[in-house]
Amino acid sequence: MTETIDAVDIAIVGAGPVGMTLALALAGGPFSVLLIDSRRRGAWASDPRALALSYGTRQLLENLGAWNVNAGTPIETIHVSQRSGFGRTLIDAADYDIPALGYVMRYRDLAANLDARIESSRLLNECAVIAIRLAREAAEITLDGGSDGGPRCISARLVVHAEGTPGNDPDVRVYDYRQHAVVAEVRPFAAHVRRAWERFTPDGPLALLPLGQDYAVVFSVPPEKASELLQLDEEHFLAALRAPFGGHVDFVGSGSRASFPLALRIRQQLSAPRQVWIGNAAQSLHPVSGQGFNLGLRDAWELAETLRTNISSDAGEASTLATYARRRRIDRSASMAFTDGLVRLFSNDLGPLRVVRGLGLLTLDLLPPLRHFVARRMIWGARAWP
């Protein structure tokens with residue numbers, strides 16, 4: 001027998017950065033909000049992952065009082081090129097009158113910044129969602145760990161799914177890139193001077209992101225090559241990273257390595273009765289150009305904005321959720337198409353395509369308006385904001 005412990009307007013399932021961003025954006029508004037997470041509070045403290053945050057994301061987080069400029073390493077320029085082919089383009093923050101194109105920050109530091117702004121009463125620790133039952137007026141969420149040790153129940157007008165990568169769901173379409181991302185941190189021979197590198201190779205894109213004095217590496221390669229890179233000793237791993245850059249970048253040391261498979265996962269419908277999906281729960285993208293996480297934070301901001309301007313007292317009203325899904329369509333579709341197109345165009349070694357890619361990079365470099373169009377979409381998404 002379940003025990004109803006609370007009735008709230010909005011229950012956010014997933015207290016990661018996207019879920020916390022939504023909770024902060026809704027704070028002080030007309031709706032009561034509850035964050036639910038299966039992990040203990042602060043579980044992210046040991047998470048070493050590096051995130052690429054756009055300058056637009058910095059603006060968003062500053063609006064929420066959750067930005068710590070000292071926790072991130074600025075990216076002032078991005079050098080984009082291809083291996084074994086001509087053409088390159090350089091994107092410079094100075095062209096947009098902003099201090100940086102983006103920042104590289106550890107997941108744990110971003111989570112800590114957001115968590116510091118979240119009142120502890122809003123966070124329900126170590127409560128996994130067992131089931132969600134939908135009714136006309138509210139959703140009933142069954143959680144583990146009631147006061148008697150059994151399950152307990154929360155009634156919510158709206159359930160926001162922000163818990164991570166979409167799972168085995170018939171509404172989720174999956175496109176396997178047949179690539180794994182090998183991630184590591186490496187020490188450069190010379191100072192990185194706040195420059196990021198995006199180098200396209202026949203195996204997949206190789207990104208170097210400035211992080212402190214080091215680079216955070218994201219190398220997308222076929223699964224079998226990922227296994228090989230993980231097994232190399234430090235000397236040979238660094239040699240494998242040097243090779244694609246043709247002497248432009250050198251390294252003197254490396255930390256531990258890990259890998260994970262890459263796929264494009266798209267939830268077809270962002271909303272359903274009394275439910276909505278944001279962040280990786282709605283879509284997960286290839287890491288090329290670092291768009292996915294920033295897109296998820298824009299999801300949270302847009303949902304909060306839609307709910308704040310809703311004239312109804314019912315947070316889960318169908319028309320409100322439909323408005324949110326419609327407002328996210330362009331930004332979401334454009335971001336997915338951009339990253340997917342880059343992967344498909346550049347992850348091969350066909351001669352004619354190599355020429356087309358070179359011409360494209362050369363055109364971006366020689367035509368500032370076109371380069372600025374691409375750069376602004378990377379910084380702010382499909383709309384200039386916040």
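User: Are Trp 197 and Phe 245 buried or exposed?

Analyst: Both Trp 197 and Phe 245 are buried in this predicted model. Buried means under 20% relative accessible area.

User: Why is the pair of Trp 197 and Phe 245 called edge-to-face?

Analyst: Two values decide it. The ring centres are 5.8 Å apart, and a pair needs centres within 6.5 Å. The planes stand at 85 degrees, and edge-to-face needs over 60. So Trp 197 and Phe 245 are an edge-to-face aromatic pair.

User: What makes this pair a tie between parts of the chain?

Analyst: Trp 197 lies in strand β13 (residues 195–200). Phe 245 lies in the loop between α5 (234–242) and β16 (251–254). The parts are 48 residues apart in sequence, so the pair ties them together.

User: How many aromatic pairs does a search of the whole structure find?

Analyst: The search finds two. Besides the pair above, Trp 67 and Tyr 103 form an edge-to-face pair, with 5.0 Å centre to centre and 65 degrees between the planes. Here too the angle is over 60, so the label holds. Trp 67 sits in the loop between α2 (55–63) and β4 (72–75), and Tyr 103 in strand β7 (residues 102–106). They are 36 residues apart, and the pair links distant parts of the chain. Both Trp 67 and Tyr 103 are buried.

User: How do you know that the charged end of Arg 195 sits over the ring of Trp 197?

Analyst: The distance to the ring centre is 5.9 Å. The cut-off is within 6 Å, and the charge must also be within 35 degrees of the ring normal. Arg 195 is listed as sitting over the ring of Trp 197. Arg 308 likewise has its charged end over the ring of Trp 301, 5.8 Å from the centre.

User: Why is Ala 207 called buried?

Analyst: Its relative accessible area is 10%. Buried means under 20%, so Ala 207 qualifies. Ala 207 is in strand β14 (residues 205–211). Beyond its sequence neighbours within four places, its contacts are Trp 197, Glu 198, Ala 216, Val 217 and Val 218.

User: What makes Asn 294 buried, and which side chain does it meet in a polar contact?

Analyst: Asn 294 has a relative accessible area of 1%. That is under 20%, so Asn 294 counts as buried. Asn 294 belongs to helix α6 (residues 292–308). Its side chain makes a polar contact with the side chain of Thr 57 at 2.6 Å. The cut-off is within 3.5 Å. Leaving out residues up to four places away, Asn 294 touches Ala 52, Leu 53, Ser 54 and Thr 57.

User: How do you know that a polar contact joins Gln 283 and Asp 299?

Analyst: Their side chains meet at 2.9 Å. This is within 3.5 Å, so the distance test is passed. Gln 283 is in strand β20 (residues 283–284). Gln 283 is also buried, with a relative accessible area of 2%.

Technical notes
Residues numbered from 1 in each chain as written. Predicted model: local features only at pLDDT ≥ 70, side-chain atom pairs only at ≥ 80, totals over all residues. Heavy atoms only, no water. Phe/Tyr/Trp six-rings, centres within 6.5 Å; stacked < 30°, edge-to-face > 60°. Helix = DSSP H or I, 4+ residues; strand = E, 2+ residues; numbered from the N terminus. Buried < 20%, exposed > 50% of the residue type's maximum accessible area, 1.4 Å probe, protein only. Polar contact = N/O pair within 3.5 Å; in protein donor to acceptor, adjacent residues only side chain to side chain. Contact = heavy atoms within 4.5 Å.
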